[in-house]
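I kept the cut-offs beside the terms for later reference.

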Amino acid sequence: MKIAVLSGKGGTGKTLVSVNLAAAAGDSVYVDCDVEEPNGRLFFKPENLKTWSVSVPVPQVDPDKCTGCRVCVEFCKYNALAWVGDRLKIFSDLCHSCGGCSILCPEGALTEEEREIGRIEGGSSRGVKVLTGVLNPGEASGIPIIQELFKELKENQPVFIDCPPGSACIVMETVSVADYCVLVAEPTVFGVHNLGMVWELTRVLGKPSGVVLNKTLAEDNPAEAFCREKGIPIIGRISFEQELGLLNSEARVAAWEADKYRELFSHLLRRVTKEAKG
Amino acid sequence: MRVAMPIEGQSLESAICQSFGRSPYYLFYDTEESFGDYKENSAPASLGGAGIKAAQLILDEKADVLLTPRCGENAAQVLREGGVRIYKTEGDSVRSNLEAFKAGRLEELREIQPGRHDHRG
């Protein structure tokens with residue numbers, strides 16, 4: 001069972017929900033796919049850390065073989081290659097690693113070399129396997145890191161995926177492996193707009209989903225109204241409480257620290273498991 | 001000398017385009033012949049690296065200088081390594097900037113926009 005936890009915007013509680021679901025499940029895997037700002041590890045403080053590098057292939061040119069035919073320059077949709085004066089110039093950071101240029105080069109002047117774009121950290125914390133993707137600053141795409149993270153997943157354990165914010169390509173890549181999507185929503189008009197975007201995304205990808213209303217208050221909740229209007233199941237509610245805010249601010253796992261939160265997230269876990277099994 | 005400029009239309013009366021890489025057209029003006037020709041820019045439809053593609057066109061058209069209000073880092077690298085000098089335009093009139101350039105009144109472009117402008121992820 002793979003559960004993706006997502007929200008249209010940052011700061012709605014993706015990490016809170018995914019970390020605590022994994023903690024409530026115990027023998028499980030937590031995968032931090034928010035590679036630009038991974039923070040689940042701050043809560044889990046995983047031990048026995050192992051780190052390995054993630055790299056992508058980018059072209060390099062042998063100037064003695066290159067004749068300046070410009071087949072590669074014309075081919076590259078991302079304009080990562082230019083013919084400048086009398087030599088080929090390569091913008092490695094714009095390359096999407098499709099490999100087309102080196103396949104098409106009639107002179108065999110282009111070969112691929114590996115360029116590091118980030119790393120994966122793996123460790124464990126009270127029975128939870130913690131996998132963290134880290135993208136190097138300035139890199140355009142974290143998708144290769146997500147793909148490497150998913151190679152680590154085995155079928156026999158429940159997996160909780162902390163998704164990147166937004167609804168761009170990297171979120172689609174992350175959601176693609178999920179059996180079920182938990183959409184975390186905050187009670188603001190801005191939050192509802194972004195909730196609508198991720199909900200649409202899960203529908204396009206054919207993924208079943210349910211909403212966790214986070215930071216709920218006594219007054220009317222625009223996110224709840226949206227769910228009712230669209231017929232989206234509400235699978236959990238987390239009230240806006242100082243105690244939870246404090247635990248979070250100290251990077252403590254609420255489900256491990258207080259009985260009421262252990263119960264709250266265990267209950268949510270049962271609901272999610274039931275929904276995921278259809 | 002062949003002078004390149006990003007412009008909005010195909011006439012000397014057109015305004016200078018505020019974006020270099022995604023300009024709809026470029027003017028290539030021969031200062032000796034006092035004659036300009038126009039090239040359509042295919043770079044705006046690019047998935048990324050529009051500035052690089054546009055700079056490639058400027059090099060391929062054998063321009064000596066580029067007059068532009070702005071220029072990105074990647075495009076500037078291609079242009080400079082290709083031997084094209086970059087000057088900063090003032091206002092949006094093509095004619096007055098050509099005159100100012102010929103009279104030596106335009107300054108070289110110093111502020112280069114950093115990084116890429118494409119969508120992340």
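I looked up the pair Arg87(A) and Glu81(B) and found their side chains joined in a salt bridge at 2.3 Å, N to O, where a salt bridge is a side-chain nitrogen of Lys or Arg within 4 Å of a carboxyl oxygen of Asp or Glu. Arg87(A) belongs to strand S5 (residues 87–90) of chain A and Glu81(B) to helix H2 of chain B, so the pair joins two chains; helices (H or I, at least four residues) and strands (E, at least two) are DSSP runs, numbered from the N terminus. Arg87(A) is partly exposed at 40% relative accessible area, and Glu81(B) is partly exposed at 39% (buried means under 20%, exposed over 50%, partly exposed in between, with a 1.4 Å probe and protein chains only).

I noted the provenance: this is a predicted model in which local features need pLDDT of at least 70 and side-chain atom pairs count only at pLDDT 80 or more, while totals for chains, interfaces and linings use all residues. Residues are numbered from 1 along each chain as its sequence is written, chains are lettered from A and ligands numbered from 1 in the order in which they are written, and side-chain values use heavy atoms, with hydrogens and water left out.

Next I looked up the contact between the chains, which takes 18 residues from chain B and 22 residues from chain A (contact means heavy atoms within 4.5 Å). The buried area is about 1600 Å², with carbon and sulfur atoms giving 49%; this is the accessible area (1.4 Å probe) that two parts lose on being put together, summed over both. Three salt bridges are counted between chain B and chain A, and one of them pairs Arg70(A) with Asp60(B) at 2.4 Å, N to O. On the side of chain B that touches chain A, helix H1 (50–60) and helix H2 (73–81) of chain B are the elements that give two or more residues, and H1(B) gives the most, with six residues.

I then turned to pairs within chain A. Glu186(A) forms a salt bridge with Lys9(A), their closest N and O atoms being 3.0 Å apart. Glu186(A) lies in the loop between strand S9 (180–185) and helix H7 (189–204), and Lys9(A) in the loop between S1 and helix H1 (14–25) of chain A, so the pair ties together parts 177 residues apart in sequence. Glu186(A) is buried at 8% relative accessible area, and Lys9(A) is buried at 15%.
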